[in-house]
Amino acid sequence: MRAALFYGPEDVRVEDVADPAVGPNQVKIKIAWCGRIYYGMLSEVITHRTLPMGIGHEFSGTIVELGLGVDTKRLVIGQNVAVLQTSGLSSVLLAGHPEHMPQGSLYLDIGALIEPLAVSWHALQKAQFKAGDSVLVLGAGPIGILIIKVAKAFGASWIGASGRGTKRCDLAREHGADVVYAAPEVTDDEIVTKTLKATRGGGADVVVDCAGSQGTLDVALKAVRPGGTVVNVAGWKKSPDINMNLCLAKEIVLANSLGYGGTHPEVIEAVAQGKFDNLDALVTLRVPLDEVVEKGLRALTHEKDQHVKVLIHP
């Protein structure tokens with residue numbers, strides 16, 4: 001089969017590899033779409049695997065083989081599934097934690113969005129977000145836009161967002177943001193001022209930092225209401241300075257959210273019930289596996305602000 005392998009920084013190769021053999025409590029899945037090809041945080045230390053290693057997660061596919069011990073009342077051959085994180089940039093793979101997608105309720109390309117939707121769902125759960133709350137989302141990338149959609153589904157009273165790039169800002173508006181502060185036209189100080197005005201001077205109940213920069217953290221602490229929650233979902237290249245006196249004075253709750261906390265089943269059910277419309281509009285590029293380096297990684301590296309989700313298919 002064909003697979004994308006990570007050899008090191010900026011070194012990804014698509015090669016022929018042996019088909020995996022199914023072990024106990026595993027299923028073999030024919031990959032349909034994979035929506036996450038970022039490899040910047042990969043290392044042998046983090047993954048406990050040696051190079052080269054397979055990359056890719058946020059994917060969907062169809063079960064083609066079952067291992068011994070698999071619950072055949074829940075999983076059967078021919079069933080479409082979304083899969084918890086593993087390496088998905090290949091023709092087929094083995095998985096131990098697939099989640100069944102109700103027949104006819106989801107297209108497989110939308111199935112590749114279940115994992116980032118679950119990340120967004122989990123982030124707002126960590127923030128203890130509830131209907132009627134206001135939220136400011138800093139960073140209008142894939143997770144930021146999906147957090148906007150989840151906040152809308154949860155009954156947000158007001159949704160503000162900040163972002164870069166015409167495409168991403170337009171999609172943030174399209175998917176539920178009441179207002180989008182587009183950088184660099186709108187400064188950090190203006191984001192704070194406009195958010196306070198929109199929330200009648202109180203500040204947002206929840207601020208979600210999807211960007212992970214000193215600037216966005218500073219905005220978050222100033223724009224959140226006293227007693228509100230700032231939740232971080234971003235990976236940081238450099239540890240930030242945190243104004244703890246401001247956090248103390250405003251009694252700000254600082255939270256972090258990593259992954260999805262077992263939310264896949266409820267997210268799949270919510271999608272099947274139609275709580276998230278127009279998800280396919282978030283897919284801005286579809287690329288064959290053999291062109292993942294030339295087209296997929298290039299788009300995410302050099303055209304990042306014009307893309308939301310890049311899907312790869314074998």
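The model is predicted, so local features need pLDDT of at least 70 and side-chain atom pairs count only at pLDDT 80 or more, while totals for chains, interfaces and linings use all residues. Residues are numbered from 1 along each chain as its sequence is written, and side-chain values use heavy atoms, with hydrogens and water left out.

**The whole protein**

- The secondary structure comes to ten helices and 16 strands; these are DSSP runs numbered from the N terminus, with helices being H or I of at least four residues and strands being E of at least two.
- Of the 314 residues, 50% count as buried, where buried means under 20% relative accessible area, exposed over 50% and partly exposed in between, using a 1.4 Å probe and protein chains only.
- Among contacts (heavy atoms within 4.5 Å) with a separation of 6 or more, 68% come from residues 24 or more positions apart.

**Helix α3 against helix α4**

- Helix α3 (residues 114-126) and helix α4 (residues 142-153) pack at an angle of about 60 degrees, with their axes 8 Å apart.
- Axes here are lines fitted to C-alpha atoms, for helices over the stretch in contact, and angles run from 0 to 180 degrees between N-to-C directions.
- α3 and α4 are therefore oblique to each other; angles under 35 degrees count as roughly parallel, over 145 as roughly antiparallel, 65 to 115 as roughly perpendicular and the rest as oblique.
- Residues making this contact include Leu 117, Ser 120 and Trp 121 of α3, and Ile 143, Leu 146 and Ile 147 of α4.
- By class, the contact of α3 with α4 has eleven nonpolar, one polar and no charged residues; Ala, Val, Leu, Ile, Met, Phe, Trp, Tyr, Cys and Pro count as nonpolar, Asp, Glu, Lys and Arg as charged, and the others, Gly among them, as polar.

**A closer look at Ser 120**

- Ser 120 lies in helix α3 and is buried, with a relative accessible area of 0%.
- Leaving out residues up to four places away in sequence, Ser 120 touches Ile 143, Leu 146, Ile 147 and Val 150.
- Ser 120 and Ile 147 are 27 residues apart along the chain, and their C-alpha atoms are separated by 4.8 Å.

- α4 and helix α5 (residues 166-174) pack at about 15 degrees, with axes 9 Å apart, and that makes α4 roughly parallel to α5.
- In this pair, Pro 142, Ile 145 and Ile 148 of α4 meet Arg 168, Leu 171 and Ala 172 of α5.
- The axes of α3 and helix α9 (residues 264-272) come within 9 Å and cross at roughly 110 degrees, so the two helices are roughly perpendicular.
- The contact of α3 with α9 has eight nonpolar, two polar and two charged residues.

**The nonpolar cores**

- A nonpolar core is a set of buried Ala, Val, Leu, Ile, Met, Phe, Trp, Tyr and Cys residues joined through side-chain atoms within 4.5 Å.
- The largest core has 48 residues, and Leu 117, Val 135, Val 208, Val 271, Phe 276 and Leu 279 touch the most other members.
- α3 gives the most to this core, with seven residues.
- A second, separate core has 18 residues, including Ile 191, Val 207, Leu 221 and Ala 223.

**Helix α7**

- In helix α7 (residues 214-223), the buried residues include Thr 216, Leu 217 and Leu 221.
- The elements that the buried residues of α7 pack against include α6 (188-198), β12 (204-209) and β13 (224-232).
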